[in-house]
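Please read this briefing alongside the sequence and the coordinates.

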Amino acid sequence: LYAGELVAFAVLRQSAAWHFRRAPTLLGLLTGALGMAAAYFGRHPAVFMAAFFVTGLAVGFAYVASLFYSLNAPAQRRGRRAGVHEMTVGAGASLGPLLGGAVATYLGSRAAFGAQAVVFLVAAGAISLWMLARRAASST
């Protein structure tokens with residue numbers, strides 16, 4: 001997971017091509033869903049390694065993008081947006097293992113990976129709807 005995050009940090013630092021574009025954000029979330037689906041269905045240790053590397057890429061992209069957009073807000077909103085970013089990171093770091101452990105306890109360890117794939121897909125859907133709403137509001 002952390003190796004994927006480090007690669008994402010290094011690659012995203014080199015390019016601004018992803019800035020203010022919808023497709024990379026959605027691709028990052030779908031990549032996370034793919035990684036967790038591979039962990040859910042995988043049976044070989046190499047599959048797990050690849051799945052968590054891919055998921056790390058998605059997590060790294062989400063972290064960098066969230067921080068980038070927070071700090072590129074108008075000056076009067078930067079502090080609030082950075083605070084929301086850090087709150088979200090903290091909530092995910094706390095609630096993710098707690099909820100994943102509960103899912104694994106009651107539904108089996110693989111179910112936690114499947115649940116995380118669903119979380120990535122729901123996030124992609126929610127962000128898509130938000131982007132469409134913003135586009136519609138700006139065109140009127």
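The points below describe a predicted model, grouped by topic.

The protein chain is made up of five helices and zero strands, and its elements follow one another from the N terminus as α-α-α-α-α. Along its principal axes, the C-alpha trace spans about 50 × 30 × 30 Å.

**Overall fold**

- Of the 140 residues in the protein chain, 25% count as buried.
- Among contacts in the protein chain with a separation of 6 or more, 71% are accounted for by residues 24 or more positions apart.

**Helix 2 and its packing against helix 5**

- Helix 2 covers residues 22–41, and because 20 residues at 1.5 Å a residue should span 28 Å, the 29 Å between its end C-alpha atoms agrees with that expectation.
- The buried residues of helix 2 are Pro24, Thr25, Gly28, Leu29, Gly32, Ala33, Gly35, Met36 and Ala39, and they pack against helix 3 (45–71) and helix 5 (109–139).
- An α-helix has 3.6 residues a turn, so residues three or four places apart point the same way.
- The axes of helix 2 and helix 5 are 7 Å apart and the two helices pack at an angle of about 165°, which means that helix 2 is roughly antiparallel to helix 5.
- The crossing of helix 2 and helix 5 is left-handed, and the residues of this contact divide by class into 18 nonpolar, five polar and three charged.

**Helix 3 and its packing against helix 1**

- For helix 3, 27 residues at 1.5 Å a residue should span 39 Å, and its end C-alpha atoms are 39 Å apart, so the two values agree.
- Buried positions in helix 3 are Ala51, Thr55, Gly56, Ala58, Gly60, Phe61, Val64, Ala65, Phe68 and Ser70, and these buried residues pack against helix 1 (2–14), helix 2, helix 4 and helix 5.
- Helix 1 and helix 3 pack with their axes 6 Å apart and at an angle of about 45°, and they are therefore oblique to each other.
- Helix 1 passes helix 3 in a right-handed crossing, where helix 1 contributes Ala3, Gly4, Glu5, Val7, Ala8, Phe9 and Leu12, while helix 3 contributes Phe53, Gly56, Leu57, Val59, Gly60, Phe61, Tyr63 and Val64.
- Sorted by class, the contact of helix 1 with helix 3 has eleven nonpolar, three polar and one charged residues.

**His85 in helix 4**

- His85 lies in helix 4, which runs over residues 75–107, and because its relative accessibility is 3%, His85 counts as buried.
- Not counting residues up to four places away in sequence, His85 touches Tyr63, Ser66, Leu67 and Ser70; of these, Ser70 is itself listed among the buried residues of helix 3, and Tyr63 takes part in the contact of helix 3 with helix 1.

**Thr31 in helix 2**

- Thr31 lies in helix 2 and has a relative accessible area of 21%, so it is classed as partly exposed, given that buried means under 20%.
- Leaving aside neighbours within four places in sequence, Thr31 is in contact with Val54 and Ala58, and Ala58 is one of the buried residues of helix 3.
- Thr31 and Leu98 are 67 residues apart along the chain, and their C-alpha atoms are separated by 23 Å.

Technical notes: Residues are numbered from 1 along each chain as its sequence is written. This is a predicted model: local features need pLDDT of at least 70, side-chain atom pairs count only at pLDDT 80 or more; totals for chains, interfaces and linings use all residues. Side-chain values use heavy atoms; hydrogens and water are left out. Helices (H or I, at least four residues) and strands (E, at least two) are DSSP runs, numbered from the N terminus. The expected span of a helix is 1.5 Å times one less than its number of residues. Buried means under 20% relative accessible area, exposed over 50%, partly exposed in between (1.4 Å probe, protein chains only). Contact means heavy atoms within 4.5 Å. Axes are lines fitted to C-alpha atoms, for helices over the stretch in contact, and angles run from 0 to 180 degrees between N-to-C directions. Angles under 35 degrees count as roughly parallel, over 145 as roughly antiparallel, 65 to 115 as roughly perpendicular and the rest as oblique. A crossing is left-handed if the near helix is turned anticlockwise from the far one by less than a right angle, and right-handed if clockwise. Ala, Val, Leu, Ile, Met, Phe, Trp, Tyr, Cys and Pro count as nonpolar, Asp, Glu, Lys and Arg as charged, and the others, Gly among them, as polar.
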